[in-house]
Amino acid sequence: MATVIRFARHGTKKKPFYRIVVQDKTAPRDGRFIDRIGTFDPIKGDTSLVLSKEKLEYWVSKGAKMSDSVRTQVKKGSTAPAVAQPPKTKAAAPKSKEA
């Protein structure tokens, strides 16, 4: 299976937000993905790249190819301090019942 690292577009009209995902090469852009390795918000600028370097290196070592746009943003973002682990989702805290 040929894999590619590319952007999956989310957000609303004229307010794009991208997730950096690892997908099968034949999958649609916003379709099923194998792994999510980061995010990019172009409205905030180049410093809004959040990327897991460990996952990126893992998938590249397994043979995944980066798309041109992802490669460009990774090169720009590698000098910025904002390149870090993607935020982990928090489980919903149970609501306390007050008597």
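Me: How many bridges join β1 to β2, and do these strands run parallel or antiparallel?

Reply: Strands (E, at least two residues) and helices (H or I, at least four) are DSSP runs numbered from the N terminus, and two strands pair if DSSP finds at least two bridges between them. Here ten bridges join β1 to β2, and the two strands run antiparallel. Arg9, for instance, stands opposite Tyr18 in β2. The model is a predicted one, in which local features need pLDDT of at least 70 and side-chain atom pairs count only at pLDDT 80 or more, while totals for chains, interfaces and linings use all residues. Residues are numbered from 1 along each chain as its sequence is written, and side-chain values use heavy atoms, with hydrogens and water left out.

Me: Which strand is joined to β3, and by how many bridges?

Reply: Five bridges join β2 to β3, again in an antiparallel arrangement. Within β3, Thr39 is the bridge partner of Arg19.

Me: What is the phi of Lys14, and where does this residue lie?

Reply: Lys14 has a phi near 65 degrees, a positive value in a residue other than glycine. Lys14 lies in the loop between β1 (3-12) and β2 (15-24), and the hairpin of these strands has two residues between them. Lys14 counts as exposed because its relative accessibility is 71%.

Me: Which residues of the largest nonpolar core touch the most other members?

Reply: In soluble globular proteins, nonpolar side chains tend to be buried together. A nonpolar core is a set of buried Ala, Val, Leu, Ile, Met, Phe, Trp, Tyr and Cys residues joined through side-chain atoms within 4.5 Å. Of the 13 residues in the largest one, Ile5, Ile20, Ile37, Leu51, Leu56, Trp59 and Val70 touch the most other members. The elements giving two or more residues to this core are β1, β2, β3 (35-40), α1 (53-61) and α2 (68-77).

Me: Is Gln23 buried or exposed, and with which side chain does it make a polar contact?

Reply: Gln23, in strand β2, is buried because its relative accessible area is 0%. A polar contact is a pair of N or O atoms within 3.5 Å; within protein, one must be able to donate a hydrogen and the other to accept it, and residues adjacent in sequence count only if both atoms are side-chain atoms. The side chain of Gln23 makes such a contact with the side chain of Arg6, at 2.4 Å.

Me: How many salt bridges are there, and which residues form them?

Reply: Side chains of opposite charge can pair when their charged atoms come close. The rule requires a side-chain nitrogen of Lys or Arg within 4 Å of a carboxyl oxygen of Asp or Glu, and the count comes to three. Arg29 pairs with Asp30, the closest N and O atoms being 3.0 Å apart. Asp35 pairs with Lys55 at 3.6 Å between the closest N and O atoms. The latter pair links distant parts of the chain, with Asp35 in strand β3 and Lys55 in helix α1, 20 residues apart. Asp35 is buried at 18% relative accessibility, whereas Lys55 is partly exposed at 34%. Asp68 and Arg71 meet at 3.0 Å, N to O. These two are separated by about one helical turn because they are three residues apart in helix α2.

Notes:
Buried means under 20% relative accessible area, exposed over 50%, partly exposed in between (1.4 Å probe, protein chains only).
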